[in-house]
Amino acid sequence: YVHFDIKVSHMTTRWTTSAQNMLGLKQGTSPKQVPTLIMGVCSIAVLWATVPLEIPELTIALLGATVYAMVHLLAAPKRQGKAMKELVKAPVDVPHRPSRKDGDGNFSHRASRLRKEKDARQDYKQHSVAPITATTFQSVGWELEVQELLSQIMPTAEGDKIVKGLVRSVKQAIWPMIPEAEVTGFTSGNPARGRAYGVAVPEIDIVVSADPAHLLKRLDGRFSQSGRSVLRVDPRKLQKAVIRACTDQLVSSGGFKFRRSAFRSDDPKVTLLAPASLGLSEDAVSVDFSVNSATPLHSAALLTECGHLEPRAKELILMVRRWARDRGVSHAAKGHLPPYTWSLLAIYFLQTGTEDGVALLPPLSGFERSAALARKAGSPIGAGQVWSPSQGPEGQKSTAALFKEFVRFYAGKFDFRNEAVSVRLGRRAAPEISLPLHVVQQDCGSAVDVAPSIEDP
């Protein structure tokens, strides 16, 4: 564009100068007046020359005029060339357009424009989830409200029916892939009353159990030669690979919906959603799905046996788990204590922490079924001795009163730095050397605290 404009300006200047020389005009004559004078003179000349002439003579005249004009254009004075050089040197105001080689031009201009638009917009916060509404009760008073809540969250026959339906659906989905798999379902409450964080922290666990050799054989075609070698050496990677394969099968042919995975935890698992279209419940039900995981079995065994030893113990465990979930401090993926750990805290409190010093639960060795699953033996009760709950004042306390004592015990009495929660021992003591300590760094970066040290029996 610049070169074209310069050429046009050059030709216009030469024509104007030639006309001034031909007409004998002064140098100060305005360039805008030259075209008007030229048109006037040319009109008079053409009229004067063509009136008395015939067509052959007129043709020769026009041809001569054209040749004369071309000679004058080619023989322009040198001073016009000097003026043209000054014109070329003068700056031309043309908008900058980055070339294709100048890759940063467009991006820098666009980034600057986007920054201005972002600064012009008003920032505001928008909540990504609906706020949790407080639970409403028909009863009035703390004691009665707790009893009403317990009646809602205790396991029911309806919940057991939902678990059986889920187990049946999982079996049908994964049986073509792993015929040797055994599917088991566990529930720690009423899945129909999930409420807040019901999807993030499900009440139901579905566990697939199978021999690792059978799993590797059935899924052999899914992995390369190097992948099979790694899975034979690392059982944890095999466990994760089987969970992924089963999840794909459950989502594609079982009707389940994938929600999230938790492969960094000690027990890798995925959270699935069983929609109402499966016909198991009026509402969608969330499920934790895992392979060869022992934690759901341990949790269910402890909960069941606590209910046999002390009915209020089972109620307190369910209430603590529900409270932690509704308060948003039971989501393991965010670094919180999982529901199983909250169960251990409640059991340990009933073993050692009642305000009157009376134990409502024995050490782990007093749990007939759970002791067989433990890694170590706890404090022996004695040959032929059967533990029985206290019949004193502690035996008359309600679950609501025990929950208040549970909060006070861990908020002010328990020393997290020098004590450890050990259901196996069932007594207050310093952590063993084999139990790792958990150190938490504060937001400021300089101060550190010792987190709860909780032993999994």
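User: What share of the contacts in the protein with a separation of 6 or more comes from residues 24 or more positions apart?
Analyst: Residues 24 or more positions apart account for 62% of those contacts, where contact means heavy atoms within 4.5 Å. This is a predicted model in which local features need pLDDT of at least 70, side-chain atom pairs count only at pLDDT 80 or more, and totals for chains, interfaces and linings use all residues. Residues are numbered from 1 along each chain as its sequence is written, and side-chain values use heavy atoms, with hydrogens and water left out.

User: How many helices and strands are there in the protein?
Analyst: The protein has 15 helices and nine strands. Both are DSSP runs numbered from the N terminus, with helices (H or I) of at least four residues and strands (E) of at least two.

User: And what percentage of the residues is buried?
Analyst: Of the 457 residues, 35% are buried. Buried means under 20% relative accessible area, exposed means over 50%, and partly exposed is in between, with a 1.4 Å probe and protein chains only.

User: What does the accessible surface come to?
Analyst: It comes to about 28800 Å², and carbon and sulfur atoms hold 57% of that surface. Accessible areas come from the Shrake-Rupley method with a 1.4 Å probe, and for residues only the protein chains shown count as cover.

User: Changing topic: how many salt bridges are there?
Analyst: The count is ten, a salt bridge being a side-chain nitrogen of Lys or Arg within 4 Å of a carboxyl oxygen of Asp or Glu. Side chains of opposite charge can pair when their charged atoms come close.

User: Which residue forms a salt bridge with R408?
Analyst: The partner is E355, and the closest N and O atoms are 2.8 Å apart. R408 lies in helix α15 (residues 399-413) and E355 in the loop between α13 (339-352) and α14 (368-373), so the pair ties together parts that are 53 residues apart in sequence. R408 is partly exposed at 43% relative accessible area, and E355 is partly exposed at 37%.

User: What about K397 and E405: buried or exposed?
Analyst: K397 and E405 are both buried. Their side chains meet in a salt bridge, with an N to O distance of 2.1 Å.

User: Which residues are linked with R424 in a network of salt bridges?
Analyst: The network links R424 with E432 and E455. Within it, the side chains of R424 and E432 meet at 2.9 Å, N to O. R424 is buried, with 6% relative accessibility, whereas E432 is partly exposed, with a relative accessible area of 32%.

User: What is the volume of the largest cavity, and which helix gives the largest share of its lining?
Analyst: The largest cavity has a volume of about 120 Å³. Helix α12 (residues 311-326) contributes the largest share of the lining, four residues. Lining residues include I153, S188, E203, L318 and R325. By class, the lining has five nonpolar, three polar and four charged residues. Here Ala, Val, Leu, Ile, Met, Phe, Trp, Tyr, Cys and Pro count as nonpolar, Asp, Glu, Lys and Arg as charged, and the others, Gly among them, as polar.

User: And which residues line the second largest cavity?
Analyst: Among them are A420, L425, R427, E432 and E455. The lining divides into six nonpolar, one polar and three charged residues, and the cavity holds about 70 Å³ of space.

User: One more topic: where is Q239, and which residues is it in contact with?
Analyst: Q239 is in helix α10 (residues 235-252) and is buried at 15% relative accessibility. Leaving aside neighbours within four places in sequence, Q239 is in contact with P268, V291, N292 and S293.

User: And S290, buried or exposed?
Analyst: S290 is buried, with a relative accessible area of 4%, and is placed in strand β5 (residues 285-291). Beyond neighbours within four places in sequence, its contacts include I206, I243 and P268.

Notes
On a 1 Å grid over the protein atoms alone, a cavity is a set of points where a 1.4 Å probe fits but cannot get out, and a pocket is an open set with protein on both sides within 12 Å along at least five of seven lines; lining residues have an atom within 4 Å of a point. Grid points are joined across faces, edges and corners, and a volume is the space filled by probe spheres set on the points.
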